[in-house]
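Dear colleague,

I am writing to hand over the structure that follows.

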Amino acid sequence: MNTLPRFASILRPELAEMVAYVPHPGAYEVRLDANEAPPLLSPEAHARLARALVPPALQRYPDPRSQELREAIAAHAGATPDEVLAGAGSDEVIALLLGALDRPREGLSSATIVTTTPTFVMYRHSARARGIKTIEVPLDARWDLDVGGMKRAIEFGRPNIIFVATPNNPTGGAMSEERLRAVIEAAPDALVVIDEAYVAFAQKSAASLRGAYPNVAVLGTLSKIGFASLRVGWVVAPAELIAEVDKVRQPYNLSIPQQRGATFVLREMRAEIEAVKTFVVAERERIAGELRRMGIEVTPSEANFLWIETPHPAVEVFESLAKKGVLVRSFGARGGRLSRRLRVTVGLTHENDRLLEALAEWT
Ligand SMILES: *Cc1c(COP(=O)(O)O)cnc(C)c1O
């Protein structure tokens, strides 16, 4: 029995046009589609972390304030614990920011956010699910911020939040700091969220902008440096704002294994994280070189993936790779300048070689 008509009049109207976020299903030998780190953890390190996850008392609720974890994040990010809010991945943190900062500006019927395109889909997805409007400003020809376009969107859209990922997903490059500053200065009464999910693989961090401007927040996550399974992310922002956003958070949003695991990773696994960075950056440059030799255009990357232009429509190349057991992410269905674009995560050496072999047939 279809019960939807019963609820149609009370469901949020945006949901009718949305699809649930489901990563590509199916079994593939080589998964280079989700920007996860390659499995480099030694069995000993794995065992140490596994031990750290186990709660001393299963019947107890976790620490509702994630105090120790926030201290570890603060030390990692050069902040104080009251400037940190932790959540189940950056995804939850993005949702909390949207939930707290969603008052429509005077004369507008809903709150608005501004972001770039292409970029991480969760900003838009999460905003839409809350009835918040999203304005997407295309990146320029080099996949950097279009300051003019951003300024116009800020002026006309009067956003509450501006989301900028740097390095950006899926394009891989960092935004130029000068342009980022221009955007921050153009929106002094909005919160500019700089998403640094990939900062470990970048030449530099934009996090110092947080000290320079009171309207900047910086997102971080463990997901891309080897610990996506834990689902822990955070935002660093002025303490007064964190205190407000914290009121939207559910008290036990992070389980004890999440809190203990993430604290352990940040405090005790610095060498392991460093090893992921070094390996991924070296492999990234090796594959980029090989692809360029094959005549494939590769955008310079500061992340753990490559943004490549395929010689044929990306959808076709994607399908042929998938048939060979190599899963990547295609943006071809979006058409336009994305019609020949694939995003490929840097994997283990033999996985990357499989990708190169499979792509060689197209050149
Ligand atoms: C992968 C990614 C994240 C991570 O999200 P989590 O919820 O922490 O796993 C955040 N921002 C961007 C731009 C990403 O690509």
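**A buried glutamate and its loop**

E196 has a relative accessible area of 7%, so this residue is buried, the cut-off being under 20%. Please bear in mind that the model is a predicted one. E196 belongs to the loop that runs between strand 6 (191–195) and helix 8 (209–212). In sequence, E196 and N168 stand 28 residues apart, and in space their C-alpha atoms are 8.5 Å from each other.

**The loop between strand 5 and helix 7**

P167 is placed in the loop between strand 5 and helix 7 (177–186). The other joins N169 to P170 and is also cis, with an omega of about 15°. P170, too, has its place in the loop between strand 5 and helix 7.

**The ligand and its surroundings**

Where does the ligand sit? The ligand is found in the largest pocket. Around the ligand there are 14 residues, of which D195, Y198, T221, S223 and K224 come nearest.

Which helices each supply at least two residues of the shell around the ligand? They are helix 4 (89–100) and helix 9 (223–227). Helix 4 gives the most, contributing 3 residues to the shell.

In T221, a polar side-chain atom lies 2.6 Å from a ligand oxygen atom. For S223, an N or O atom of the side chain is 2.6 Å from an oxygen atom of the ligand. R231 likewise has a polar side-chain atom at 2.6 Å from an oxygen atom of the ligand. Of the 390 Å² of accessible area that the ligand has on its own, the protein covers 93%.

**Two residues with positive phi**

R231 is of interest for its backbone as well. Its phi is near 55°, which is a positive value in a residue other than glycine. R231 is located in the loop between helix 9 and strand 8 (233–236). Is R231 buried, partly exposed or exposed? With a relative accessible area of 31%, R231 is partly exposed, because this value falls between the limits of 20% and 50%.

S66 is a further residue other than glycine with a positive phi, in this case near 50°. S66 lies in the loop between helix 2 (43–53) and helix 3 (67–77). The relative accessibility of S66 is 3%, and S66 therefore counts as buried.

**A buried asparagine**

Finally, I draw your attention to N160, located in the loop between helix 6 (147–157) and strand 5 (161–165). Why does N160 count as buried? The reason is its relative accessibility of 10%, since buried means under 20%. A polar atom of the N160 side chain lies 2.9 Å from the backbone oxygen of R103.

With kind regards

Conventions
Residues are numbered from 1 along each chain as its sequence is written. This is a predicted model: local features need pLDDT of at least 70, side-chain atom pairs count only at pLDDT 80 or more; totals for chains, interfaces and linings use all residues. Side-chain values use heavy atoms; hydrogens and water are left out. A residue is near a molecule or strand if one of its heavy atoms lies within 4 Å of it. A polar contact is a pair of N or O atoms within 3.5 Å; within protein, one must be able to donate a hydrogen and the other to accept it, and residues adjacent in sequence count only if both atoms are side-chain atoms. Accessible areas come from the Shrake-Rupley method with a 1.4 Å probe; for residues, only the protein chains shown count as cover. On a 1 Å grid over the protein atoms alone, a cavity is a set of points where a 1.4 Å probe fits but cannot get out, and a pocket is an open set with protein on both sides within 12 Å along at least five of seven lines; lining residues have an atom within 4 Å of a point. A molecule sits in a cavity or pocket if more than half of its atoms lie within 2 Å of its grid points. Helices (H or I, at least four residues) and strands (E, at least two) are DSSP runs, numbered from the N terminus. Buried means under 20% relative accessible area, exposed over 50%, partly exposed in between (1.4 Å probe, protein chains only).
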